[in-house]
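Reader: Could you walk me through a structure, one feature at a time? I would like the general idea before each case.

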Amino acid sequence: MPIHRAALVVRRAVDALRRGPFVTAVAVGTIFVAVLLTGLFASLLTGAERVLSAWVREVPISVYLAPGADLAAARAAAERLAPGLSVEAVAPAEALRRLRASLGDQAAILDGVEAEVLPASVEARATNLSLAETRALAARLGRIPGAAEVDYGAAWLEPLETFLRRGRSVGLGLVGLLSVATAVLVSNTLRLTVYARRDEIEIMKLVGATDAFVGGPFLVEGLLQGLLGSALAVAALLGTAGVFLSRLREALPLAARLSRADLLPLSLLAGLVAGGAVLGVASSALSLGRFLRRA
Amino acid sequence: MIQLFHVYKQYGAEAPALSDVSLEVRKGEFVFLTGPSGAGKSTLLKLVFCAEPASRGQILVFGRNVSRIRASSIPFLRRNIGVVFQDFKLLHDRTVFENVALPLEVRGQAPREVRRKVALSLRGVGLEHRAGKFPLSLSGGEQQRAAVARALVADPALLLADEPTGNLDLDRTVEVMALLEGANARGTTVVVATHDRGLLARHKKRIIALEGGRVASDGDSVRRAAS
């Protein structure tokens, strides 16, 4: 398309936005709400996933050995099965010392407890592994000689992961429904604009305008409304995340390392702006298509 | 230029608006289409510029059968046709210049070319000093001259005018008819639908009379009757 034609389409779209400020505000507002809700849900899910990953990294994989098992041999076997990971042999005495340390002021309750009460173990720290990879590694470590039990926090990590997975599915469904509802709402609003400009459309078609010529500015108008609505929503999300994060860090020590970029990664923000733009264009196309078919 | 073969147009269960109409308008002609209100004049023009399809029959415009034309080809056919309406059909929120520029913008012409041709066209209808005005600030005659300028700005091969002087007094009618005759003299085929018998009497042109959707007469006889 020659530059002057593109400039004409954009000029007509901007003129139309200026001529109908009320309809523009309604369309931008509707897209703003839809993108804001989608962004809130997505950032909560993203944040929860980041926290889960952080927890997985914090929790060591502990292989508890049966009484009488050879700790050195178990450690060597663990190092072979988990190359590159930090592997540590924890003798019963060390385990008791750690337990005392973790109890702090209440360590006295362990007075008289023999170290041999606790099993020897091998601990592997899995950094940069996902929960699935941690799970697979734990299964491998369960096969080392003398292994009696493997613990990597599955009792609470697994249900949390299932919850997040279901949350993501429900979220995707909700976002889909929200997008369709918004497209219908915005397209009905834009139909008013199209209807108000029916004379202009009729005259343009009389002088030989193609549907593309008539529709181009409407689509650009939808694009601009979508970009504006989603940009405002992204700004609101960034502001909300700033306030929310400081409260979350106070309430949840594991969230201390959670940054704004973890909650609202650039890819999510770009996706939201692009989604808003697509929503605006789709709504315009929907309203215009219905009109052009009748014109 | 225009050929109609046994054309019918029916709206719902009403009496046909056009019934078995066959006629030919040759290149370079100036033709009046006349008849009382409801005779089918406007309907016939609408069929020619593809605003509506014929119910039956064949219509050839520039040798193309518009009864079988694809919807996507209609805009390109219309770019060879200028249309003038009784109610002017100007966009009230655009200036006279912008209204006249519309057919050129639709064709994708460069802004410099658009400015040159619009200025030329407005000068041709004597409205160069009103280019920046909005249509509602113009008199009826000026609005119709702007509409004629818009219809002629892209040098169409065919000009269709539906009651172009219906809202104008005698002096303005003379002005607008002079513009249409000027276009015809430069080679544009002109078809004017009118029920104004005075207009027919003043202009020695071919006259096709419609009555009840049928061609009642074609030629000089109606002009004689009119005079």
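Author: Gladly; we will go from confidence to folds, helices, the interface and a few loop residues. Keep in mind that this is a predicted model.

Reader: Then let me start with confidence. What are the ipTM and pTM of the model?

Author: The general idea is simple: where pLDDT is low, the predicted coordinates should not be read in detail. Here the model scores ipTM 0.85 and pTM 0.68. For chain B, the average pLDDT is 88, and 96% of the residues score at least 70.

Reader: How many helices and strands does chain A have?

Author: There are 10 helices and 4 strands in chain A. Along the sequence they come in the order α-α-β-α-β-α-β-α-β-α-α-α-α-α. Chain A has 295 residues, of which 33% count as buried. If you take the contacts in chain A between residues at least 6 apart in sequence, 83% of them join residues at least 24 apart.

Reader: Now a single helix. Which residues of α3(A) are buried?

Author: First the general idea: an α-helix has 3.6 residues a turn, so residues three or four places apart point the same way. In helix α3 of chain A, residues 71-81, the buried ones are A74(A), R75(A), A77(A) and A78(A). They lie on the same side of α3(A) because the arc they cover around the axis is only 165°. A72(A) and R80(A), on the other side of α3(A), are exposed.

Reader: Let us move to the two chains. How many residues does each give to the contact?

Author: Chain A gives 14 residues and chain B gives 15. On the side of chain A, the elements that give two or more residues are α1 and α7 (198-206). The most comes from α7(A), with 5 residues. That side of chain A has 8 nonpolar, 3 polar and 3 charged residues.

Reader: Last, the loops of chain B. Where is D155(B), and what is its phi?

Author: For a residue like this, read the backbone angle together with the surroundings. D155(B) sits in the loop between α5 and β7 (158-162) of chain B. Its phi is positive, about 50°, although D155(B) is not a glycine. D155(B) counts as partly exposed because it has 14 C-beta neighbours inside 10 Å.

Reader: And E163(B): buried or exposed?

Author: E163(B) counts as buried, because 21 C-beta neighbours lie inside 10 Å and the cut-off is 20 or more. E163(B) is in the loop between β7 and α6 (170-185) of chain B, and has a positive phi of about 50° without being a glycine.

Reader: How far is S137(B) from H92(B) in space?

Author: Their C-alpha atoms are 9.4 Å apart, while the two residues are 45 apart in sequence. S137(B) belongs to the loop between α4 (111-124) and α5 (140-152) of chain B. S137(B) is exposed, with 12 other C-beta atoms within 10 Å.

Technical notes:
Residues are numbered from 1 along each chain as its sequence is written. Chains are lettered from A and ligands numbered from 1 in the order in which they are written. This is a predicted model: local features need pLDDT of at least 70, side-chain atom pairs count only at pLDDT 80 or more; totals for chains, interfaces and linings use all residues. The arc is that of the directions from the helix axis to the C-beta atoms. Two residues are in contact if their C-beta atoms, placed from the backbone, lie within 7 Å. Ala, Val, Leu, Ile, Met, Phe, Trp, Tyr, Cys and Pro count as nonpolar, Asp, Glu, Lys and Arg as charged, and the others, Gly among them, as polar. pLDDT is the predictor's confidence in each residue, from 0 to 100.
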